[in-house]
Amino acid sequence: MSEPLRQTELSTDPPRTVPTEWRRSARLDDSVVIALLLATIGTITSRVEVVLLALPFILSAAWAIDRRPRRTETSGLDVEVQRVQSAVDAHYFAYRVAIGTDSVTELVHLRVAEEGSAPYVLLASPRATGMVAGTVPIAHTGRVRVVEVAYRLIGTDGAWISLPMAPVVVERVVMPSIKPLGEIALPRRLAGLTGTHTSARPGDGGEFRDLHPYAPGDRLRRIDWKATARRSQGFGDLYVRRTDATADATVMLVLDSRDDVGEVVEAWSPSFRGESGVTAMDLTREAAASIAAAVVGAGDRVGLIDLAAHDGVVAAGFGKRHLNRLLRRVAECTPHGVRFSRRRAPIVPAGAIVYALSTFLDDEVTEMALRWRVSGHRVIAVDVLPTPDLEGCPSRALTAHRLLMVERRHRLSMLENHGIERLRWQEDPANPSRAIVMHSLVRATRRRA
């Protein structure tokens, strides 16, 4: 079967029309064989009634051959998908399938596979295909495969059957929700030349710094005549008011999207076929989108590094257009199934703060965070591992999970010992709330600036 066709969220393609390649079915061959057999037996035995029994089969085969589909005939498939929000705040996709066929088509053999459900097969007349519809609940963010539709056509009396058409896979990108954060943690030292934050160096635009004797290069409009009258000891002594310069911050979001685990621990097994619940990638997308929106809202620059993609780098920028492009990239981050090992940590801009969003279930991101910290960057480890649900897990899975969590706690302790701060994104009664931790990170920024 050929490669599936894909429709994305921004697709406005018309219904796809493809040529139909027909094949003779076994039913037509059986009719011809039965007719010849009956005619032969009737002739040999000189029995007219046996020969007459072959007549319906001969007429049926002749009618089917006369109604043979032409090579130029085509068929078209259209899958309409619409996002719906119900009164109970439940989001889902509603889809409808419509197939346009030629006049010789009597039935359409459909195979429809919805996201998270077993595929179902049905036979329908061409006019009834417009009634094939369904709904798919939205359980996760990112790229979601809504429905996959494959079909083939059945001609006159089932004598002709088309080859299976390439399945059409309809996908949509579900954008993550943005949580209001207010202020967020910034780098220890601001390296920008202008912005909304007060830096430690003298300049224009910030808060009052001190009174200083006039020096070459000071602007005349900064002379404070009242202070000069009070402090001057002789003719020509002038004093200027100095202010702190303003600067912007650079924030780099590092997404560990190499793999994905859900809150249902039993779903970590590849053989599990149930619902995994909230996944680490759902929390990663939500955290990255919320932090990016807060950074751009404060007038700072934000960039993105996707560890699972070779081209997963978005240079730091600011503004609404840059934010929309970054949010789209965040929404499309998805595990690729193949772990991408790096020889060294990605390069981040000088003076930037790094938000490392990971489950910290292996050593790779931990080693990168330590390298960034040694290089002088402020690093915040954003823990996006969902709260585990151990219900229904066999004993061997519980043992493996316990060992994995021991290794994970060791990594997190090592990060804290090296001065890397931690922020758990998902609200958990066993840990401080996200707002409290974020406030403490902001206070640490002001205290050490």
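What percentage of the 449 residues of the protein count as buried? The share is 43%, where buried denotes under 20% relative accessible area, exposed over 50% and partly exposed in between (1.4 Å probe, protein chains only). The model is predicted, so local features need pLDDT of at least 70 and side-chain atom pairs count only at pLDDT 80 or more, while totals for chains, interfaces and linings use all residues. Residues are numbered from 1 along each chain as its sequence is written, and side-chain values use heavy atoms, with hydrogens and water left out.

**Overall architecture**
- The protein has 8 helices and 19 strands; helices (H or I, at least four residues) and strands (E, at least two) are DSSP runs, numbered from the N terminus.
- Of the contacts with a separation of 6 or more, 72% are between residues 24 or more positions apart, contact meaning heavy atoms within 4.5 Å.

**Helices H6 and H7**
- The axes of helix H6 (residues 364-374) and helix H7 (residues 395-417) come within 11 Å and cross at roughly 0°; axes are lines fitted to C-alpha atoms, for helices over the stretch in contact, with angles running from 0 to 180 degrees between N-to-C directions.
- H6 is therefore roughly parallel to H7, a label given to angles under 35 degrees.
- Thr366, Ala369 and Leu370 of H6 make the contact with Arg411, Met414 and Leu415 of H7.
- These contact residues divide into 4 nonpolar, 1 polar and 1 charged, with Ala, Val, Leu, Ile, Met, Phe, Trp, Tyr, Cys and Pro counted as nonpolar, Asp, Glu, Lys and Arg as charged, and the others, Gly among them, as polar.
- Threonine 366, in helix H6, is buried, with a relative accessible area of 1%.
- Not counting residues up to four places away in sequence, threonine 366 touches Phe360, Arg411, Met414 and Leu415.

**Proline 119**
- Proline 119 lies in the loop between strand S6 (107-114) and strand S7 (120-124), and is partly exposed, with a relative accessible area of 40%.
- Leaving aside neighbours within four places in sequence, proline 119 is in contact with Arg111, Val112 and Ala113.
- Proline 119 and glutamate 148 are 29 residues apart in sequence and 8.8 Å apart in space, C-alpha to C-alpha.

Methods. Parallel < 35°, antiparallel > 145°, perpendicular 65-115°, else oblique.
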